[in-house]
Every structure is written in C-alpha cells, then in structure tokens.
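The report below describes a structure in plain terms.

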Number of protein chains: 2
Amino acid sequence: MQPIADRPPTAPATPGDERWRIRRTADDLERIGEIESIFALSNGWVGWRGALDEGRPYGMPGTYLNGLYERRELSYPEDGYAFPQESDTVVSAPNAALVRLWVAGEPLDLRTGTVRAHDRVLDLRAGTVERLTEWISPAGHGVRVRSTRLVSLPRRPIAAVRWSVEALDAPVEVRVCADLLANERVPERGDDPRAASVLTDPLTAEYRHSEGHDGVLVHRTGRSGQRVAVAVAHLVDAPDGFADGVDCAPDRLRLSVSGTLRPERRLELTRFAAYECTPVDGASPQDLAGQVVAEADAARADGFDALLAAQRATLDAAWETADVVLDGDDELQQATRFAMFHLIQAGRADGDRTIPAKGLTGNGYDGHVLWDTEGYVLPVLTYVAPELARSALRWRYAHLPQARERAAELRLPGATFPWRTIGGEECSGYWPAGTAGLHVNADIADAVLRYVAATGDREFLAGPGVEMLVETARLWHGFGHWSDTGAFHLHGVTGPDEYAALVDDNVFTNLMARRNLRGAADAVERHPEAAARLGVDPAEVAGWRAAADAVFLPYDRKLDVHQQTAGFTHQPEWDFANTGEDDYPLLLHFPYLELYRKQVVKQADLVLAMQRCPGEFTADEKARNFAYYEARTVRDSSLSASPQAVIAAEVGHLDLAYDLFAEAVLHDLADLGDKTSDGLHLAALGGAWLALVQGFGGMRDDRAVLSFDPRLPRQINRLVFHLRWHSHRLRVTLTPDEARYELPDADPDTGIEVWHHGERIRVTGAEPVTRPMPPVPDPGPEPPSPPGRRPQVKGRAPS
Amino acid sequence: MQPIADRPPTAPATPGDERWRIRRTADDLERIGEIESIFALSNGWVGWRGALDEGRPYGMPGTYLNGLYERRELSYPEDGYAFPQESDTVVSAPNAALVRLWVAGEPLDLRTGTVRAHDRVLDLRAGTVERLTEWISPAGHGVRVRSTRLVSLPRRPIAAVRWSVEALDAPVEVRVCADLLANERVPERGDDPRAASVLTDPLTAEYRHSEGHDGVLVHRTGRSGQRVAVAVAHLVDAPDGFADGVDCAPDRLRLSVSGTLRPERRLELTRFAAYECTPVDGASPQDLAGQVVAEADAARADGFDALLAAQRATLDAAWETADVVLDGDDELQQATRFAMFHLIQAGRADGDRTIPAKGLTGNGYDGHVLWDTEGYVLPVLTYVAPELARSALRWRYAHLPQARERAAELRLPGATFPWRTIGGEECSGYWPAGTAGLHVNADIADAVLRYVAATGDREFLAGPGVEMLVETARLWHGFGHWSDTGAFHLHGVTGPDEYAALVDDNVFTNLMARRNLRGAADAVERHPEAAARLGVDPAEVAGWRAAADAVFLPYDRKLDVHQQTAGFTHQPEWDFANTGEDDYPLLLHFPYLELYRKQVVKQADLVLAMQRCPGEFTADEKARNFAYYEARTVRDSSLSASPQAVIAAEVGHLDLAYDLFAEAVLHDLADLGDKTSDGLHLAALGGAWLALVQGFGGMRDDRAVLSFDPRLPRQINRLVFHLRWHSHRLRVTLTPDEARYELPDADPDTGIEVWHHGERIRVTGAEPVTRPMPPVPDPGPEPPSPPGRRPQVKGRAPS
C-alpha cells in the first residue's frame, strides 16, 4: 500500500479537538481487528463493531445484541460433579452495517488499488464514526466514499448509517449493495484460552419480507430459544438513471443500486436498522417482524439528522457527569474520554440489562459477564450513571433463582452467582478459576451496597437488594468454618489473583465476605418485612455478624505484611532472574503447577483488598503491603494496573501511580494485552476512572460516605471529575494547590457532606468550597516492580 | 429365563476344587460385563475378555494387545499451558474369540429360548475358561455347546479356543461361523469420569489373505502409527456332509461350517490365533501377516492339548511362588488365588512391557497405566515374579526421554513421568489430579529400589535404575524449596488422596521423595561411572541428601497426629451426619469445591505413607494417626482398603484389618465398586496380597532387608506365602502359635537373613526355622470408621 504520510491529509468529515476524538488512517490497516473494537458503537442493547462499511478487509465482524447468545456443549477430558455441561456463547445478530461497493466491477478493498485517503474518526461528543476514503481501483477508477454511522443512545432499537460515494475524476459505473446478513462467517480463533469459541450458522431463518427498498429478517437460535428480528429501512438519493432493487434470501436481504456516476455527483444511501430479540415464546416471527419494521420506519421518518441531534444531546447530558478533565497530558486526556465514552455506551438503563466484560464490542470471553462488571465497571457507573448500575444489578437479581439452584447443586446454602455467564447459568469450564472464585458473590453484594449508599435507592434495597445480600450472606456463613481459636475461615477458594487457586483465607475474599455479611445484617434490620419474607431470624443475623467479626486475616509477623492468602509469604519465590521478556504473559509459558505454588501475582489481589476495604488496613500496613506485592505482581491481567495505581497513589508513589494509570487507560487504545481485537476491556477502562478518582482524587466510599484525600501527580495540572451522590452532582476540581468541591446544579440551601483529608466539609449549591492540597509526605524510594515489569507504555517515556 | 437351581448341575468340563476356580452360571447373566472382566484371559501381551463365544449377549467385547492404542484429541472448555492435547486410548485388536452358532436358523442367544445349563469355569491352575451350555432354541431344538479357551502364557502370540456343538435329542441343522472381527462395535459409555472413551472404527484395513480354512487380517491405527496383524488357523472336525468355506472382508474373516447334526455326533472347531503389533515402520503388512500366519500354523501343528499342557506347566511353576494358602475362609482363599492368577496373567517378562491399571481385562481408564502399577502391583510381583517387575520397570525406562521432555515443558528439571499414559506421553486431562500428582515419580523410584534390593540385579541398577533415580531426584530437588527455618518443602502437589489437590507438604509425597533422593544418592555413589555419564557431581549428591534430611513433615502438636498435608487437621470436618448412603462415592455427588477443602479422605494417604515408610513413624504415632484418619477415610477408591488393612493389622485391630482385606480381595469378584465391567482393578488385587503378607505377615522391606512381625487374625488358621529374595524362594508358614521360615529349594549351606519380631534369624536350605507368635497387645477399642463406611462385603458377616 502506498504511504500517505507525504500527501496532505484529507480532513475528516467533522473537524474536532483530538482530546475528543480517536482517529485512524490507512497506516493502521494492519491492526484492523483492534480498530473494529476501538471504533465499536453501542447503546447497551445493539453493538456494531467498527468494521469497514464495505466489509473488507475485516478482522472479526460482529453485531451484538445484549443477551443474544446460543448454548453449546462443553466436554471435558475428565468430567467432574457439577462441571457445567453447557456454556453460553455470544452470537452475532444479522449485520446491518454492510454497504458493499463495486467500482467498474471491482470490489472496494483497501488492500488493492491505491488508497489516496482513509480517515476514520470516532467522535466522542457526537457519538458517531465518521469516515472518508479516496480510493483508486486497480483499473484506475477513483471514488470518494464517506459515511457516518451511529447506534442511537436514546433510541434503543436503532442503528443507522449514512453512506455516499462520488466519482473522483471521471465517470464510473458503480454498484452498491446494502446487505443485511445473517450467519456471517467469522474467522477461526487460535488456541489462546482467553479467546472465544465460534459457532457456525447459529441462526435459523424463520421469516423474511421485503417491500420497496426495505425488508426484515427474523431468525431464531437453537438451544437458547431466542428470536431475533432486524428490519432495515432505506433512503436512497441516486442520480438519474440509477436502477435499484431488493433481493431477499433467508440469510441475506440486499438492496442493490447501480448506475454510472459522474464526477461532482453523489450516490447517497441512508439505512435505518431496528433490532429486537425475545424468547421464542415471547412473540411470533410475524409479530416481531412487524415491531422492528415499525421502529425502522419511524426512525426513517424522523431522519438521520434527527438521530444525530438526539445522539449529541444525550451525550452532552452524559458528559456533564462522566467527563474527566485532565490537563497536562493530551494523550491520556483523550484516552480517558475514550474510556468514559465506552462505559457510557456499554450500559442501558432499561429493564434488567448488564454489561459483559467486553461490552458489545467483541466476542472475547464468549461474550460472558464476569466479575469485571461489579468489580470495575459498576463502581464507576454508580457515580457517573447510576441508572445503568441499577439496571445491571437488576439483571443479577433476575438470575437469582439460577444462583440458588447452583448453590444447591454445589450443596451449599444461599446462592452462588456464576463466574461466567450470559443467560445466568454457570459457564466456567475450569472450576479452580471459576466456581472456586466465590468472591464474585461478595463483589455483587458490594456493588449493591455501594449503589444504595450512593443513590439512597431504598426501593431497590428493600426489594432485590436485600434478597441478594441475604442469599450471598447465607453462602458465606455456610461455606466458612470456625477454628478452635474462634476465627472464621474461608478455605479452598480462589481470589482475584489467577496465578493462585484453591487457597485458604484469601484476604480479599474474607474482607469482602465480611462486608457482605454485615451489609446483609444491616439491610434485614432496616427492612424487617424483607427479613420475614426471606425467613431470616435474629439468630441468623447474629451468626452473620459473629462470622464477619471473626473473619481471619493471615498476617506474616516476621515480614510485617498481610498474606494474600494463608501461607502466601512462605511459598517459593518466582525466579524472575530466569524469566525472559518473551515469557509474559506467564500463563502462556508456565504451567499452573508452577504458577500456583509460587509468590507470583497475576493481578492485584491483596492490593485490591486495600482499595476496596481501606478501613481494614493502617497506613503503614498499606505501604508495606504495597511494596511487598508490587515486587511480585506481573500484571498479566488487565484488571491489575488500576488497583495498583490507586494504592500507589495512596502510599505516595505518584510517578508509579501515574504510569499504572497510563497502562490502564491505554490498555485498548495501545492494545497492550494484544487482545483488543476480541473486544475492549471495560474493566480496564473503568479502572482508569478509578485510578484517577480514587487514586489521585483519593475518593473512598467504603463507609457509605464520600471522602477525598487528593494528591495530584506532577504530570497533571488540573483534574476535574464529577460524582452523583443521591440527588446531587458533585464537581471536584484539583490543582496542585487547591481542591475545590461544588454542586453546580444544586439550590443554595441544599448540599452534601464530604471529607477532605480527614476534615468533614459541607458543600452546598451556594458556592464552591476550597481546601488546600496538603503536601504528599515523602514515601521513600519507589518499590521495585518485577524485573522488566515496571509499567511503561511503548512510545511513552516512563515517569 | 428358567431357573436352573432345581435341576442337577451339569458338571463343568474340568471338575475342581472351588478354592482353585471361579464358576458362573446362567443366574449371573445380568452381570455379564463384570463376568467378562473376571473371566478375562491374558498372557501380558494378548488379552481376551471373557465374552461368550457366540458373541451375545455381551457387556463390552474386547481383545487387547499390550501397547496397542490410538491417540485422540483432547479439548478443554478452558485450555491451559501444557495441558495434554492428545490422549492415548486403548483400542480392541481384531476379535478372534467369536464362534457364532445358528440352530435351525436361530442364533444362539441365552436371552431367548430355554437355558438348561450354563456353566463357565475359570480354572486357576489350568489357566483356561471352560464352558458348557445346554440350550433349547425358541423353536425347540436342543444343543450342547462346550468350549475351552486359553491365552497361552508360555507362547506370547497365541490364544486358542476349542469349541464344539452337539445336538441334544433330535437332528438339527447348525451353522457355525468362526469370525475374526475388526472394529467390533462396543457400547457407548455413561458420564462417569472413570469410564473410557470409545473410538469408532479405530483400525484401517491394510491387508487380508485367506487360504483353506485359515486367514489373516492386517490393520493399522491412525495417529499412533501402529500395525496389528492377526492370523487364525483352524482344525475342523465335522461329521460327514458338512460344508465349509472362508469369506474374507477387510474387517472380517469368517470360517463357516454348516450341516445337519445328529444326536451323539459333534462338530468340533479349534481355532489358533496369533497376534502381533509393531510400529508401521517396523514391518510391512505382508511381512507381519507372514509372521502371524507362521505362528498360528505352528501352534496348530503342536495342537490344542499341547497348549493346555504347557499352560498348566507354566502355571504350576508360577504358583510355586505366587500361591497363598489361607486356611479358615474358603471364600477369601478362592478370592486370593483369583487375585494372584490375574497378577500372573497381567505381566510379561519379555522386553519393555508394563501392566495397565486394568491389565488387559477391560478398557477402563482408557487402558492407561497409572501409579497403580508401581504402587500396588510391582510390590507384589517383585517378590512373586521379579522378572515381570523388571519388564515393567524397563518399560518406564524406555519412556524416560518423554518424561524428560515433559519436565522441560513444565519448566522443571529432571524427568516427570506421566500420570496416565499408554505410549509414554502425559494423557491426564485434569491436571490437579494428574500432572500435580508428582508422587508417581517417587513411586517409580521406590519400585526400582525395591526391585534391586529384592533381586540384587546390579545390571539393572547400573543401567536403567540409576538413570531413573537420578532424573527423579533432580525433579524433587528442583521442585522443592527451602524455608527460613531450614526445612525442605514440596508445595502445590497432589498426594494419593484424590479428595484433596494442590496441597503443601503431603507427608506421603515428602517421605517418598526423601527415599527417592537418598536412593539416587546411594546409587550414584555405588556406580560412579553412571554418575559421570549422567553429569552428577558430589555437590549435586550433597544437595539431594540435604534436601532428603530436611524434608518437612507437618504435624499437629495439639492432636498429636501427623497432618496428611500442611494444615489438614485445621480444615473443616466433613458433615457425615448429613451424608446419605446414596451419596457415595462422594465424587459423584459433591463438587471438588467441597471435597478438597474438608477433612474427608478418599483413599489411604497418610496411612499409605506409614505402610511404605514404616521407619519414619513410631508405633504410637502409627496408632494415633491410624485412628485419626480411619475416622475420615471413606474408601471411594479401590486403592484404599489394602494400606488400611496393613496398618490396622500393625496397630492391632485385626478384625478391622481382616474386613479391609476382604474388601480389597473381593473388590472385583463382588464388584464392590460397580466398575468391574470396565476391567479388573489390579491394584486392589495386588493390594490383597499386600494385606496378607504385609498386614498379617507383617513383612516390611523399606530398609532393604526382609522383616516380619506376623500377627494372624482369628479368622485365619494357617497362612502360607512365598517370597523370592535374591536367588532364593522363602516360604513363610504362619499359624496362631508359630511362624515357620524355610527355603524349600535351597542347598543346606546357603541361606538368607530375615527378621522376626525384631530378632535377626538365618534361614538356610537345611531345615525350617520356627519361632513363636507373640501375643498381639490389646490395642483398645477399634477406631470408628465414618458412619456406614466400616468395611463390610455384602453377604458376609462383619468381623
């Protein structure tokens, strides 16, 4: 491909501030799968990967509907009791984003001919992907293609694309085929255990219909019993003499437009797609078809510009709370907004809808929901879009019956939520790192408690909240046991660190279980009617409190550090001296036999405990623990950098914290894990916000109040972020000298209490409260990371 | 089916002492799969399951050749580094034991018509299965069928059957088809993780040829690259007027004989089958065909009676050492001989040949070799047939290169032998109970050391022995680590008890590793030339000795018992009160999540350590440990009863020991584990001998001398057993009053030293040495087993 660097850049359709947009050009075609993820658009219901309109070249095409999946059989070389026998796998809905183009009979393919320009821009304020391509076909015909696509944030079923082609210099015959394509082939995946399984032809055609330029396809899945309908309505603006027609097959609906295009003339095609998905007994194929046809028609009647305007308005409102201003580092400012954009996109307020680990941006992890959601995404959304957190928690509640059944199957009391799932059943095929990760239950309880504390949503607590808290508390109480010394233990579990498994008394798990038990006890005492409904009596509550009080926390008195799990500090050390750069991630080069028994940490575990349960540790313990575990944590997980950044900041190692924040926020934009092509890592993106707000903002929320111990790194001149707290929107502005707290939307006589470096302050709508930033005490030398593993993003200077 | 109990029993072909034979009748047809295993014949090279000659009804037909297998892909729901991607699976060789019979057009099938008699006898001295059936077809035609089959112990490739049919009352038209059948269909298996996988059509026909009554089929496997040839030569003794012919298809060679049989006349057909198997590049199909044809022809030339005579002579010689006389309990006398018969059958002295967990009696565990061989079978064969032990150890040595490669893959030094295999590669598909069971390496080293001590085979030690000892010692030394307190630890392994996994400092593993390290050190010091060859220097040896000396043995000072693994006694207790009878085996009703973290023991682990390494424990420790673990051991494994019996006897609980012995020795005859249909449990059968000889005979061999602390249970009046020790055969005769030691074959002036209850005595060929049996001290009340789990064989009164 001819380099385009020496030619004047063609301005993208919408000029804009680089801190508000992501741009990719023809230079990036090698990384096409990664870009498809980065440019993915979603409204929490429909997700369009950022594949090229013309369909080729492609990395991994994908159109996802939240909750659309198929079930596939799992088989084990050696089966075991209660090993899941089926797993949910995300499948692509029919792809409505395809506008294929033939130029004098040759398909537009950027790998052929000459690319004169190729710019694609993800506009974070407009909520669109704009694209401009100038291409000379191998036979010498030049065309300019523009498109704008969006997945409508305010209008659940709708995605749309406006696409046009012009002849560059001479008349040329063009043919345009706007396809709606079901069972689109996707490439086979490699052996990496983190990749997805791929089903062939998961959808069975049930109904199709076309009329005029428009049409609808209805399909169903097999085992999961779901029905999906997609309608497309078009506006075609073609020069005279163009012919068009619609062809409708079971798996493909195609609108073809063809004719000869003269220079200065343009063929424009606008497509409005509407998606619905129900259980097969929810609506007949014809019913569902009628529904999506009406939705697509309505969107067309309003027009593409109306969708654009509504998109912008929705985002403007979202950014009011979600935006984080980071002065001093444009690259990370851009990346932070990219992260927040995708978090906003990933959630939906309606009904019981959650956020898979990759959102709707790819099929990595089979499209599963993991603890990433409650552990890393909801702690952000609770403060910037609490209605999305509520929806995700209601989704968990909707699957509480399956969690109860799973606990019974495991012969445990209460409920155990699945480690991986789409439809609510446990889908983890490796139990030591799945079923044994019981902490997911405490993570869910923690998310409930945080949501209720931040919003004051008593209705949620009295209903779904208390029920989830009670059933998870029952699990912990029944799973744990008492030792002779009066301590309460949780043995044989797996904590966050996946380079250990089936361990005893994981501090993170134990502290989170404590929070879960106490939260349940508090909730039933506040809601006696719920207690009665759930059969909770005072003796049971007393048992929870006793267990919570007695939870065992292993500690190495000689080293004066907490043990991540009992005995951790007595395990053999990892031989970092003989571990090469190519040996990372370790899980691809060493057996679990080696990883599990050694002091090597994949991802923050004790450090995460210090982030989530800060009140359980003294400042000195935090500093010592951080130094000990920093030296043993290799960050082979995208979940690691953020908690490390938060605690690094707390203990005063601000340069290290900043580089850890950079690693989290750039995880996908720089494809640090080499897996972005499978979809974005929403936990890393959520973690970026946490690194800023909890790390440099010093925000803590474990005591149901908001406190801040801000400490800015030298790289940031000004940091502005917002939090919703009950009915208020708090703005926090940090500069090296001063912290400012304000309620920009509040009446002068209403307000909230927050803490600033140990001082309780009241913030009202009347005027901002400012406090000086105390100096950060010298924490001494930075604790070493494992050799070669200090965070550093390629192309960036380390701090 | 009509009961036959009220009719006079038809005497089987060979009348005999019930203590030397196993008989089954038509009453047992329900348990046909189990009987196929019990009546399996083998010479360690060819194995014929005891299926009915006529092929139906059947449980699971099977003809096995030692080492004939196919490789199949393994797939994991979540893959991991160094998870085996393929597994070996035993496949059936062509079945030459089929003699189908049609009686007036109706196939002989005992589920139809009337069975007047059906007796099958496994004759433990003749080494044959004799069979007599009288059957009235649905149309009323009566026939008597007799057969005798054998798999020749002295003549490796040969198996043979002599089969005849007579008309009972009236002339009848019969058709006999003697089939040689490849790719015979076998039934699908259930979900039990212990069952085998079944491949369809694993053999591809390469060559076939027939001439006269005889023929040969040659096939090959796919991935494993093996070629198998089977020739059949026949003798047909038919009345006049019978027609015959041979039909040869790729997967079936059929000799048909048909005609009208008058009463008092008999059609007799004798088949001589010869089997060979080589790598595909070892011999061409035609070569191999020629070889087996010659072998079958030679056997026919000698005749069936000659095979019978040689079989008897071989067994007479084997029984001289292998027989155990147990006066006082005819049922267990019979069962003991049954056990020894199958152990003799399972091994072969030639070349590098080992003994799979099921021998050649079934396809359970996919036909894999497990640690059962070195742990439970070789400790017997070393003393009763040391040439078979040598062969099995040479087989391990032949696969040392693969064990070195596996260690490198696991990033460990030395060699790690596979947990499950046929061809030498690791085939375990669940690593926590496979790869992590590193003790298999120490079990192999232990078997080497025992074999060398018992035989004085210096040539073996200097060659394969020292090399295996060194490479396994290197593994332990590299795998373990030193703690600050100067102890040497082995963390993250799985010991014998499969209701625990990935534990730290398993006492069994640690003590066996100690023995391995010291054994390797001794061996290289005795063979400096081998040390040089293997690159062992004195520093390395010193390291092994230091590690061996410092091996950590976890001990609970409060309870005054050893911990099976570090922390075991602090794990939660199993809730036996709420465990029902139907909940066993626990692994089919509880998740590993529950089993692993609790004090519930599947099979002897610490108790096995006390059996293997008796010098590491005081008598008091043994008594306390035994009582502690007896109460927590559920014996869900066939490997458990024997070690428990040995230690129960040592600590004086002789009734319990006797019932545990009964459970071991009847494991297959009474199908206690409900899995005998998959093949016999050779470890349980070997364990029965160990229960007698080590339990009641009190034999110990861990200090490279033979010692005896005999103590007879009240159920045994006289116990006689034999042991080979260097060039001698020692006979030990125990009665309640006296122990007699003699060397029946020795010159008067040669002899050996043994220990009797702490007294060193010299036994020569001159005359027996007798010593009194000291009284067994009162051990106090019998320690309780878990509720409902005290050993008791159905139909037997508990002791």
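## A three-stranded sheet

In chain A, three strands form an open sheet in the order 25-29-30, and their pairing is mixed. Strands here are DSSP runs of E with at least two residues, helices are runs of H or I with at least four residues, and both are numbered from the N terminus. Two strands pair if DSSP finds at least two bridges between them. The edges are held by strand 25 (706-708) and strand 30 (759-764) of chain A, each with a single partner strand, so one side of each has no neighbour in the sheet. On average, neighbouring strands of this sheet are turned by 35 degrees against each other, direction ignored. Strand 29 (residues 751-756) of chain A pairs with strand 30 of chain A in the antiparallel sense, over six bridges. Within strand 30 of chain A, Arg760(A) is the bridge partner of Trp755(A).

The model is predicted: local features need pLDDT of at least 70, side-chain atom pairs count only at pLDDT 80 or more, and totals for chains, interfaces and linings use all residues. Residues are numbered from 1 along each chain as its sequence is written, while chains are lettered from A and ligands numbered from 1 in the order in which they are written.

## Helix packing

Two packed helices are described by the angle between their axes and the distance between the axes. Axes are lines fitted to C-alpha atoms, for helices over the stretch in contact, with angles from 0 to 180 degrees between N-to-C directions.

| Helix pair | Axis distance | Angle |
|---|---|---|
| Helix 10 (residues 507-526) and helix 12 (residues 538-550) of chain A | within 8 Å | roughly 150 degrees |
| Helix 9 (residues 458-479) and helix 12 (residues 538-550) of chain B | 10 Å | about 65 degrees |

The axes of helix 10 and helix 12 of chain A cross at roughly 150 degrees. That makes helix 10 of chain A roughly antiparallel to helix 12 of chain A (angles over 145 degrees count as such). The residues in this contact include Arg514(A) and Leu517(A) of helix 10 of chain A and Trp544(A) of helix 12 of chain A; residues are in contact if their C-beta atoms, placed from the backbone, lie within 7 Å. By class, this contact of helix 10 with helix 12 of chain A has eight nonpolar, no polar and four charged residues. Ala, Val, Leu, Ile, Met, Phe, Trp, Tyr, Cys and Pro count as nonpolar, Asp, Glu, Lys and Arg as charged, and the others, Gly among them, as polar.

In chain B, helix 9 and helix 12 touch through Ala473(B), Trp476(B) and His477(B) on one side and Gly543(B), Trp544(B) and Ala547(B) on the other. The residues of this contact divide into four nonpolar, two polar and no charged.

## The two chains

## Backbone details

The peptide bond from Arg56(A) to Pro57(A) is cis, with omega near -10 degrees.

Key
Parallel < 35°, antiparallel > 145°, perpendicular 65-115°, else oblique. Contact = placed C-beta atoms within 7 Å.
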